[in-house]
Amino acid sequence: MRLIRTAWWLTVEFIANRYLFIEMAPWVLPLIGGPMVSTHVGETFDPFWFWLGVALIAIGTFPLAIRQYFLRHVQKKQDEQDARERASLRLVSRMVPLLSAMETAGLRDRQRLRDQAFEEIVAQLVKTAYPGELGYRVTLFELGRDGRGNVHMRPVASAGRKDQPRAHDDGDEVFVGMMSLLTGESDSVSKQKMIGNEYTSFAAVSVSRGDQVFGILTVDTASETDLFEVDEANLIPIADVLAEYYAAAKRKPHTRRGALFRLGMYSVGNALNQRGSGT
């Protein structure tokens with residue numbers, strides 16, 4: 001079924017991109033075919049010229065309909081991408097202020113708030129940007145060690161379609177790919193048209209802060225909708241927020257006065273930087 005739909009879409013895309021033909025055919029061919037049909041009906045009916053006229057009208061109008069279908073499809077995809085971008089930015093603006101609550105909390109409470117934030121972020125991504133009912137799954141993998149001390153990537157938060165992600169141990173193919181993302185030059189990657197996996201496309205970004213690496217944030221899909229660089233761009237600010245939560249959970253707690261002073265100095269520093277840059 002996927003092969004048939006792919007072939008159909010390639011045909012639609014081929015026809016839709018024949019710009020000169022589409023610009024000319026709807027005007028020229030019906031003007032020729034119309035008189036052929038009208039003058040060869042009734043008593044003067046001639047099957048050859050009648051059906052030739054019908055064919056010319058069809059050839060002239062069908063590609064135009066195909067192109068309109070193609071443009072509507074492209075616009076729908078663009079609207080979906082725009083909606084995902086807006087949802088990601090809204091989620092960032094919602095979760096960043098909550099970091100201040102971790103400044104004065106104890107170690108155990110900070111870890112609890114961090115884990116709650118992970119669950120909330122992943123769930124909101126599925127709710128607002130990558131719906132599980134459409135085949136998407138969002139997962140946060142954490143780099144760490146298992147009970148035997150072996151390095152692995154384990155899912156700490158996941159939402160979306162029902163099949164659950166699994167941990168990946170050091171040495172397996174997926175783990176190597178994840179580590180190459182954490183240690184390589186690029187902080188994000190996406191792949192399409194994958195075969196032999198439980199998903200057909202995915203986008204992934206590293207969750208890191210400076211030299212500290214915490215894990216990987218991924219979105220994968222079992223549907224026929226592929227994930228591209230624009231989805232990587234949507235995930236990067238989310239991954240930055242996740243990294244801040246990791247870092248905040250490990251920092252020493254501040255008194256409320258100290259936390260407010262720190263936030264105040266941060267705001268003053270931003271204002272001075274903006275004034276110095278002329279903005």
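Biologist: How many bridges join strand β1 (residues 136–145) to β6, and in which sense do the two strands run?

Modeller: Two strands pair if DSSP finds at least two bridges between them; strands are DSSP runs of E with at least two residues, helices runs of H or I with at least four, numbered from the N terminus. Here seven bridges join β1 to β6, and the strands run antiparallel. Y136 stands opposite T221 of β6. This is a predicted model, in which local features need pLDDT of at least 70 and side-chain atom pairs count only at pLDDT 80 or more, while totals for chains, interfaces and linings use all residues. Residues are numbered from 1 along each chain as its sequence is written, and side-chain values use heavy atoms, leaving out hydrogens and water.

Biologist: What pairs with β6 in the antiparallel sense over nine bridges?

Modeller: Strand β5 (residues 201–209) does. S208 has V213 in β6 as its bridge partner. The β5–β6 hairpin has two residues between the strands, and G210 there takes a positive phi near 65 degrees.

Biologist: Is strand β6 mostly covered or uncovered?

Modeller: Buried means under 20% relative accessible area, exposed over 50%, partly exposed in between (1.4 Å probe, protein chains only). In β6 (residues 212–221), eight of the 10 residues are buried.

Biologist: How many aromatic pairs does a search of the whole structure find?

Modeller: A ring pair is described by the distance of the centres and the angle of the planes. Rings of Phe, Tyr and Trp (its six-membered ring) pair with centres within 6.5 Å; planes under 30 degrees apart are stacked, over 60 edge-to-face, the rest tilted. The search finds four pairs. F118 and Y246 have ring centres 4.8 Å apart and planes at 45 degrees, so this pair is tilted. Because F118 lies in helix α4 (residues 107–128) and Y246 in helix α6 (residues 229–250), the pair ties together parts 128 residues apart in sequence. Both F118 and Y246 are buried. The rings of Y199 and F202 have centres 6.0 Å apart and planes at 75 degrees, so they are edge-to-face.

Biologist: Which residues touch the most other members of the largest nonpolar core?

Modeller: In soluble globular proteins, nonpolar side chains tend to be buried together. A nonpolar core is a set of buried Ala, Val, Leu, Ile, Met, Phe, Trp, Tyr and Cys residues joined through side-chain atoms within 4.5 Å. The largest has 36 residues, and L140, V207 and L217 touch the most other members. Its largest share, 10 residues, comes from α6.
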